[in-house]
Amino acid sequence: MSPERSPLFLARRTYRLRRLSDAARMLPIAGAVLFSLPLLWETREVRTTDAMFYIFGLWIVLAVISGVISTRLRPTDTEDDPKGSQER
Amino acid sequence: MTILNALILVCVLYVVFLFAVAFAADRAALRGRGSWLRSPYVYTLSLSIYCTAWTFYGAVGFAARSGLEFVTIYLGPTLIMIGWWWTLRKMVRVGRSQRITSIADLISSRYGKSNLLAVIVTVLAVIGTTPYIALQLQSVTLSFAAFAETDPTATTLPDMQSTALWVAGGLALFTILFGTRNLDANERHHGVVMAIALEAVVKLCALLAVGIFVVWGLSGGVAATLDRIDASAIARFEVSGSRWVGLTMLSAAAFLCLPRMFQVMVVENEDEDHLRTAAWAFPTYLMLMSLFVVPIAAVGLEVMPAGANPDLFVLTLPLMDGRDGLAILSFLGGFSSATSMVIVAAIALSTMVSNHVVMPLWLHFSGSAAMVSGDVRHVALLARRLSIAGVVLLGYMYFRLSGGGTALAAIGLIAFAGVAQFMPALMGGLFWRGATRTGALAGLCVGATVWIYCLFLPSFGPSVVLPQVVFDEGLFGLQWLRPRALFGAEGMDPVVHAVLWSMLLNTAAFVLGSLLSFPQPVERLQGAQFVNVFDHSGTPGGWTGGMAQSEDLLIMAQRIMGATEAQALFAEAAKRQGLAGYLPEPSPTFLQELERELSGSVGAATAHAMISQIVGGAAVSVEDLMAVADETAQIMEYSSQLEAKSQELARTARQLRQANEKLTQLSVQKDGFLSQISHELRTPMTSIRAFSEILRDTGDLTPEEQNKYASVIHDEAVRLTRLLDDLLDLSVLENGQVVLHVQTGSLADLLDRAERAAGVQGGTLRVVRDRGAEAVELTTDLDRLAQVFINLIANARKYCDGQPPVLTIRTAVVDGQLVIDFTDNGSGIAPAQQAVIFEKFSRIGQHKAGGAGLGLAICREIMARLEGAVSYLPGQKGAAFRVTLPLMARMAAQ
């Protein structure tokens with residue numbers, strides 16, 4: 001069955017917003033892991049310039065993703081109240 | 001004109017320009033113009049006070065010493081910023097809904113408006129920030145000195161300390177002018193914010209300009225710069241994992257906890273929506289700020305003579321190349337970084353000091369009469385101004401005493417570690433309802449002690465504050481208490497070591513203290529308000545009014561907020577309550593609002609204390625209790641849901657049982673009906689069969705006999721037909737398939753007809769009627785109604801055993817209902833029988849009359865169809881039936 005024709009179980013907009021707020025929560029965790037990744041490299045072999053390219057590139061990517069998420073997510077959009085969590 | 005004079009001129013012009021911008025922004029905000037002041041980009045730029053002179057100059061020095069590691073200082077804030085959905089959103093919401101004035105106010109508010117906590121946080125913030133301010137002064141004087149050194153005409157080097165004094169004085173003046181224009185610290189300082197936003201642009205441009213100059217001017221392109229980096233002393237990415245992770249976490253914690261960051265991020269926040277822009281714009285800003293740091297450091301290390309201070313490469317590289325204009329821009333960048341940090345830090349600290357230290361002391365010493373003694377507003381403003389001067393002076397003193405020698409970055413990290421001690425209490429307060437004041441106190445004290453012992457005091461160097469023997473042998477000669485190797489953790493980086501132990505012990509004490517202590521009601525309230533801020537951004541715990549005198553409150557509020565504002569607030573509240581004049585009823589809502597307004601000026605704890613002086617005491621309202629009892633409520637709700645479910649189950653079971661009983665009854669009834677029907681059918685059938693057999697088998701019947709037998713058969717057949725007709729009629733009526741023929745006629749005619757049809761004429765039964773009352777027009781199915789009357793009259797004729805039998809028919813109209821009573825003078829119906837006479841086949845005894853016992857059942861069905869009723873009327877002399885029918889019959893609709 002194509003997704004267009006399948007019955008609408010959830011309000012699509014609210015569902016998207018919730019997943020977007022999930023993404024907003026995950027982003028710093030992903031960022032922290034990725035920023036720590038150079039530590040796993042054989043540091044004696046790695047040139048500072050290479051690490052710079054990696055870190056600054058990642059920085060830009062994170063800022064862009066954060067921008068994409070933040071423009072669609074308002075602080076007042078979804079309230080994370082514990083009671084509502086069952087409905088998610 | 002020498003470069004030094006040019007520098008001084010540019011500097012003075014720049015400062016004048018800043019004053020003008022701040023002044024213009026304040027004026028624009030005052031006149032309600034200047035929506036650009038509320039732009040999210042201004043908010044983002046104001047966050048850049050995170051990048052102080054330590055960042056501007058020190059990052060290059062940091063990079064020159066340890067390569068790419070400097071970047072961790074920016075990675076922490078970047079992660080916090082892109083993770084705004086976790087913490088910043090909540091902090092800003094709490095800050096706005098509780099009218100928080102500083103981080104000390106936030107922590108004190110959260111833990112039951114405890115002023116002791118606020119004082120501890122304030123003291124720790126002052127200890128952590130003072131060296132930082134000293135650092136800014138030092139950077140300005142160092143950079144100034146760097147210019148002086150290159151100036152051949154300058155005969156004597158300018159006195160470093162006098163430069164610092166000038167800078168400190170100017171900063172204090174600026175901050176007092178624009179930072180204390182209004183007492184309500186919660187109101188935005190538009191002038192200040194605009195000035196630091198401008199400075200943010202200047203420092204970014206300056207650093208980028210220097211970077212571009214270094215890459216394309218000095219090195220000759222990107223590729224050449226990369227080659228230079230590869231050839232430099234920092235070519236290898238040699239970072240220690242613990243420092244990399246530790247410093248990232250430390251800078252993230254400091255970003256949230258630094259008083260000046262809290263000031264711009266939460267207190268000065270105009271709109272929660274601004275976070276969305278800052279979420280990507282601020283990481284980008286930080287990325288740009290650090291983009292050219294490594295190239296500048298690498299080129300500086302190569303070009304500059306050995307021993308040159310790498311902290312000043314940003315300045316000395318353009319100077320060495322003779323680019324004076326660029327050097328002055330670079331100086332302005334550093335100057336901007338230093339000044340904006342000092343300004344905001346001084347505002348933040350002065351708010352904390354005046355609200356949590358000076359005002360409570362003043363209130364204490366001026367006695368318990370806040371509304372009688374002098375002008376609180378004046379005192380509060382003065383306290384804040386003095387605090388600003390005091391904070392800047394402290395920084396200057398620290399600069400004088402420390403001699404300004406140590407590397408810049410070291411002090412920065414030490415300050416970071418100091419303010420990071422707020423982290424457990426802050427995060428615990430925002431996310432854990434079980435966090436208590438005792439826990440927060442324990443955590444803060446333990447963390448601060450470990451930080452002071454392991455990092456702050458040792459930073460002055462061996463034998464300055466801590467004797468050398470403590471470093472070697474530990475406190476009291478205990479080896480495991482050595483400040484650089486606590487609990488035997490040797491060989492660690494001092495900063496990471498101190499951060500690790502202070503945060504671990506801080507968190508442990510915080511959690512244990514919270515688990516083991518019991519919170520005050522206000523703490524529980526505030527805890528619920530903070531943790532569940534998105535559920536109810538309502539107000540915290542209520543006041544019980546009544547005892548409070550509105551006039552006293554007004555007097556006090558005027559002293560704090562100013563007469564006009566206070567009167568406007570009171571008049572507005574009075575209007576809302578529907579009262580004229582300036583004095584509203586001291587309702588709990590109004591008192592809460594007032595406390596919130598006051599807390600914007602003097603902090604939550606002081607405002608609470610002041611109102612309780614007048615009102616007498618805070619009470620906990622039912623709603624608050626409900627909020628606090630949320631957990632309990634959830635459990636109770638759950639169990640009540642269970643209870644409801646089980647009740648529902650019981651109800652369903654009962655219904656099922658009833659349905660089952662009914663089904664059984666119906667089955668019995670059906671069996672009874674079937675046996676009745678077969679009996680009723682069989683009796684005439686038997687006669688018909690018997691007589692028809694006689695007719696068939698007996699040859700010599702006389703015509704009379706034949707006639708007699710044939711008429712018996714005929715009578716029985718007629719009876720059978722009538723029975724079948726009745727059954728059919730009943731079944732049609734019961735199934736509701738009957739079609740009603742609505743006509744209009746008079747009741748008297750109808751009764752006449754019924755009387756005739758029932759065979760009364762010529763019988764013994766005398767019918768007594770009241771013809772006057774019967775003159776009623778009816779609109780209904782007259783034939784069906786007549787059927788009912790016929791049945792009732794015929795019954796009386798058949799069963800009435802009165803001597804002589806008399807049937808009285810009375811008509812009356814009661815409440816729009818036509819009521820017709822058929823009463824005879826017989827012996828009536830026994831009570832036990834009354835209940836069943838309307839059932840099918842119910843006959844009273846075996847009567848002579850050959851009815852099938854369906855008549856009354858049919859009557860009941862007909863009356864139900866006609867929306868009336870027929871019932872047995874007990875308590876009359878004989879049998880009495882009452883027929884009721886609505887006069888305004890709705891039959892017409894059918």
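Predicted model: local features only at pLDDT ≥ 70, side-chain atom pairs only at ≥ 80, totals over all residues.
Good morning. Of the contacts in chain B with a separation of 6 or more, 80% are between residues 24 or more positions apart.

Let me begin with the chain as a whole. Chain B contains 34 helices and nine strands. Its length is 894 residues, of which 48% are buried.

I turn now to two helix pairs. In the first, helix α1 (residues 3-30) of chain B packs on helix α9 (residues 190-219) of chain B, with the axes 7 Å apart and an angle of about 135 degrees. Angles from 65 to 115 degrees count as roughly perpendicular and those over 145 as roughly antiparallel, so α1(B) is oblique to α9(B). The crossing of these two helices is right-handed. On the α1(B) side, the residues that meet α9(B) are L18(B), V21(B), A22(B), F23(B), A25(B), D26(B) and A29(B). Their partners in α9(B) are H190(B), G191(B), V192(B), M194(B), A195(B) and L198(B). By class, this contact has ten nonpolar residues, two polar and one charged.

The second pair is helix α4 (residues 72-82) of chain B with helix α11 (residues 241-257) of chain B. Their axes come within 7 Å and cross at roughly 55 degrees, and α4(B) and α11(B) are therefore oblique to each other. Here, too, the crossing is right-handed. From α4(B), the contact draws on T72(B), I73(B), L75(B), G76(B), P77(B), L79(B) and I80(B). From α11(B), the residues include W244(B), L247(B), M249(B), F255(B) and L256(B). Twelve of the residues in this contact are nonpolar, four are polar and none is charged.

Finally, the contact between the chains. How many residues of chain B are in contact with chain A? There are 37, and they meet 35 residues of chain A. Four helices of chain B, namely α4, α10 (222-231), α11 and α13 (274-291), each supply at least two residues of this side. Which helix gives the largest share? That is α13(B), with eight residues. In terms of class, the side of chain B that touches chain A comprises 23 nonpolar, six polar and eight charged residues.

To close, I would draw attention to α4(B) and α11(B). These helices cross each other at roughly 55 degrees, and each also supplies at least two residues of the side that touches chain A. Thank you.

Conventions
Residues numbered from 1 in each chain as written. Chains lettered and ligands numbered in written order. Axes fitted to C-alpha atoms, helices over the stretch in contact; angles between N-to-C directions. Parallel < 35°, antiparallel > 145°, perpendicular 65-115°, else oblique. Left-handed = near helix turned anticlockwise from the far one by under 90°. Contact = placed C-beta atoms within 7 Å. Nonpolar A, V, L, I, M, F, W, Y, C, P; charged D, E, K, R; others polar. Buried ≥ 20, exposed ≤ 12 C-beta atoms within 10 Å, placed from the backbone.
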